[in-house]
Amino acid sequence: MGEEVALATRYASRVSETAASSPLIRRIAHLDMDAFYASCELLRYPQLKGLPVVIGGGRRKEDDLLGKLQAAYPEGDWTLERFVENLDRIPVEFFPRIEGYTGRGVITTATYAARQFGIGSAMGLMKAAKLCPQAILLPVDFERYRHFSRAFKSIITDIAPVMQDRGVDEVYIDFTEVPGGQREGGRVLARLIQKSIFDATGLTCSIGVAPNKLIAKMASEFNKPNGISIVHEADLQSLIWPLACRKINGVGPKADEKLKGFGIHTIGELAAREPHWLVEHFGKSYGAWLHEAAWGRDERPLETESEPVSMSRETTFDRDLHAVRDRAELSAVFTRLCEQVAADLQRKGYEGRTIGIKIRYDNFQAVTRDQSIDGYTHDAQRIRQVAGQCLKRVDLSRRIRLLGVRVGTLVKAGTAPHADKPYIAAEETPYEQADLFFTDD
Ligand code: DCP
Ligand code: MG
């Protein structure tokens, strides 16, 4: 069955201290995916590459495309399954255009081809329709973007473990102590990360490497898309000072207006002001910060998230399943989810004490149940037994859209008493609704 399995690891926040004590030159990267939502869409519709495409508006309308295909090729066997497998073969002319759009929809992002027409994030679709009527309009699919978000981040942490998550499509990475992180100012490692992400996902990103987060964030924009920019401390005057103050992450539209009112447009002009003048006009803390920022100083550590608090696997079914009629299928999926969570735990070296399930019904209502055990485990069978108990506490007479298994309260494997007591409760449980599809074997 074609369901998509999603995995998730939740972390407790922790601050990285690596750079402070290091004799190496501090090198911090900011990585930002290129036209992220649009690029995720182009992976499944490669026939749209190079064309103006905007993402936004209403809900998914893939079924409209299926309808068109059925009408155009009535002899074709266009089941949903066949359709999903052949997305890359849908003729370009079948895709909806933005022309004539009326409504209040807003663009989340646009391909670089669409940007040439002046289209960009947060623009109304009606305005975009005027700028480029032939642009193709695709609906947003957040689940898909989250999937690729997790994928590219896990590739990064495999290479460079100190990473700060900044949202769906950007992260900071501490290059300082990573092999290759100092070579050519970080370019060698940046190239490796770009290539690894591209090879695994087909997505491109842009990376800026600089002495700190503030400059790195600006630098990642210098060579978009698919670019790398290296900034050293000595480049402040030539590369940073000519930029508009607004390019500083932390100078919003209001502060920018006020700065302009004083005739300060560029970061260089900001740097030229006396700190006490800035404090006088922008307040003690913000004024002082503006001065530091203009001089490229930023000591903030990366806030890494390296201690997971839970790991989970969940899957959304192609069609909603029923506990009785689809018993075998559900049981198999359930077992597999437990095995996957167990494998995730084992691979990353964790064990957990709280085992839980999540179900989303056909009306999108979600319920969760969990249960704590004595000791800690990363054993698939044990997880399945306890998760099976949790399932007995939810309504299984309704159709199910999503099923998930989570293990929480994690500790590093081997650091806590092991839950190796045989678990017999499940065998003793009398026949209940959950047994309809969750066998206790
Ligand atoms: N996004 C959104 N609404 C906005 C801005 C962005 O929904 N106003 C979403 C869509 C983007 C994603 O967030 O794909 C990442 O935002 P970016 O600003 O990084 O934009 P892109 O990744 O799309 O393009 P770029 O190549 O400029 O980074
Ligand atoms: Mg981006």
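Reply: Lys 247 counts as partly exposed because it has 15 C-beta neighbours inside 10 Å; with C-beta atoms placed from the backbone, 20 or more others within 10 Å make a residue buried, 12 or fewer make it exposed, and counts in between make it partly exposed. The model is predicted, so local features require pLDDT of at least 70 and side-chain atom pairs pLDDT 80 or more, while totals for chains, interfaces and linings use all residues. Residues are numbered from 1 along each chain as its sequence is written, and chains are lettered from A and ligands numbered from 1 in the order in which they are written.

Lys 247 lies in the loop joining α9 (236–240) to α10 (253–261); helices are DSSP runs of H or I with at least four residues, strands are runs of E with at least two, and both are numbered from the N terminus. The C-alpha atom of Lys 247 is 6.6 Å from that of Met 218, although 29 residues separate the two along the chain.

One helix pairing can be described in detail. The axes of α1 and helix α6 (residues 142–159) are 10 Å apart and form an angle of about 95°, which makes α1 roughly perpendicular to α6. Axes are lines fitted to C-alpha atoms, for helices over the stretch in contact, with angles from 0 to 180 degrees between N-to-C directions; 65 to 115 degrees counts as roughly perpendicular. Phe 36, Tyr 37 and Cys 40 of α1 meet Arg 144, Tyr 145 and Phe 148 of α6.

Ligand 1 is surrounded by 14 residues, of which the closest are Phe 36, Tyr 37, Thr 108, Thr 109 and Ser 121; a residue is near a molecule if its C-beta atom, placed from the backbone, lies within 6 Å of it. Two or more shell residues come from each of β2 (28–33), α1 (36–44) and β4 (107–110).

Finally, among the buried residues of α14 are Leu 330, Phe 334 and Leu 345. Just after α14, Gly 349 adopts a positive phi of about 75°.

Terms used:
Angles under 35 degrees count as roughly parallel, over 145 as roughly antiparallel, 65 to 115 as roughly perpendicular and the rest as oblique. Two residues are in contact if their C-beta atoms, placed from the backbone, lie within 7 Å.
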